[in-house]
Structure formats: C-alpha cells, structure tokens
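Okay, everyone, let's have the next one up on the screen.

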Amino acid sequence: MDKFYVITNHTKDEKYEVTKAIKKYIEENGKRCILESEQPIPNDTEGVLVIGGDGTLIQAARELLDKNVKLIGINLGTLGYLTEIEMQTIYPALDRLFADEYTVEERMMLKGSLPNGTENVALNDIVVTRYGSLRLISFRVYVNGELLNTYQADGMIVSTPTGSTAYNLSAGGPVVEPTAAILVLTPICSHALNTSSIILSVEDEIIIEMGSRRENEEDESVVAFDGTDILKVCTGDKIIIKKANETMKLMKINQVSFLETLRRKMKGN
C-alpha cells in the first residue's frame, strides 16, 4: 500500500502531534500521505487512516461511502472495538500496511428511508426515540409487511452486528459477532415485560410506524443514524429500514479474534 489519506479527530489529537508523526513516517518510507486538512480525498487513495476512536471511524466510513475505500482506525479514544491500532503499535502497523500484510473485513450497513424521501445510512444503528418530552412513545413494528408488535417505550434500536456493542448493548441487547448477517431489534425501556431483543434475517425489511399515546393527538419523535444525523418524525410516519447495498471495508492487521477483543475491551467495564 503506497497512497494514504489521514482523517483526524482534532479533539483527540489537538496539536496534531500524532498525525504529523504518522505523516512523516509514511513519507520517509517513500509513500504518499495526504491529510484531510490539506485537501479532499484523492480518487486513487488506497487506504484511509482514521485517528481518534470508534465514533471518528464510523463517521469517516459514512462520509466516504461513495469512495469505496478501505479504512483502519488508530485508537486515541477509550474502548475502541473498531479501531485496530493502538498508540504503542502505530509504526509496526504501518510497516505491515506498506507490505500489504492485511485482510479486509466487510461490515454491513443499514439504510433508512423516511416519508419525505430522505435516506441515510448507518454502520452501528438506526434509533427511533422520543423527542423532547420524557413521555413514552407509541409505535408498531412490521417485518416484511407483517405486524411484529406494538410498543410503548422510549424507542427502538435497529442494530447491525457492528453496532451490537454500542447502544444496543447498553439497552440490554445481545453482543453479536461483527461479520454475522443479521439484524437486531432492541426496545429501549419498553413498558412491558415480554419485549426482549429480536434477531432477524439480514434480508428482512423493517417498518416502524409511529403511533400516538392518545387518540386524535399527534406525537413527535426522532430518528437518529449512528447517533448523529437526527430527523424528526410524527404520528403516522413510517420509517423503512433494510440492509444497505454499501459496506464498510475495514482493514485488519491483527490475528486477534472477536472473542479475545471482547474479553479485553469489556474487562473492568
């Protein structure tokens, strides 16, 4: 690999000390390195280095979706389930990338469609939740056109396997092997005793139809894509969620299994 592009979370590397050191090392080894602050990503970029944490990597994957590039994360954050490289292993990791000693793991993404024609994608999850008020929201969930259940809850998380260790886990959902081909539905603080997470096929289409807690009353809720792009929906609106055609291409240089990573990251948390 010879042509690199670097995206940095400036709150994690305020003075760009790590970023500049990486750029210097890459160029000293005869490779090309362009920083996001210098210019937009060139079309011939071979690999994107994302300096920050999981959130930075997720945002980069979404923003570069149409570029079809491979990404790898350098962890300056906390847990870092997605980021492959730790601070103390940056230079040996770069050497392996120079020598093309890596594999590519494709991670599925979700596409959500709203009634106004808006579409967006998510790597972790699409979440429908309350807007402003502390009151529960009411909604129905359909799978391939068939009613699954009616909920009174704080919301619903539709998660990919990658996102299973994020909000889904905090809400009591299951941890899923990241390359599995499934969807996870996890209600948020449901006002019922029998509404556990539900595992669905990756080919299923999910429709969340917003209801109202009271007849002839319009409630407002929001839809969030990976916790960032937040759009308002109202009673009667339907959010259609399915597997996206695009995938995130995540470079892997370590032979550490998912279970080992999970055990290490969750220790003491």
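So, the largest nonpolar core in this predicted model has 26 residues. By nonpolar core I mean buried Ala, Val, Leu, Ile, Met, Phe, Trp, Tyr and Cys residues joined through side-chain atoms within 4.5 Å, with buried meaning under 20% relative accessible area, using a 1.4 Å probe and protein chains only. Phe 139, Ile 206, Ile 208 and Ile 239 have the most contacts inside the core. Strand E9, residues 137-143, gives the most to this core, four residues; strands here are DSSP E runs of at least two residues, helices H or I runs of at least four, numbered from the N terminus.

What does Ile 208 touch, leaving aside neighbours within four places in sequence? Its contacts (heavy atoms within 4.5 Å) include Phe 139, Val 141, Met 156 and Ile 239, and also Arg 140, Asp 237 and Lys 238.

On to helix H2, residues 54-63: seven of its ten residues are buried, so the rest of the structure largely encloses this helix. Among the buried ones are Asp 54 and Arg 62, along with Leu 57 and Ile 58.

Val 18, Ala 21, Ile 22, Tyr 25 and Ile 26 in H1 meet Ile 90, Tyr 91, Leu 94, Asp 95 and Phe 98 in H3.

Housekeeping: residues are numbered from 1 along each chain as its sequence is written, and side-chain values use heavy atoms, leaving out hydrogens and water. Local features need pLDDT of at least 70, side-chain atom pairs count only at pLDDT 80 or more, and totals for chains, interfaces and linings use all residues.

Key. Buried < 20%, exposed > 50% of the residue type's maximum accessible area, 1.4 Å probe, protein only.
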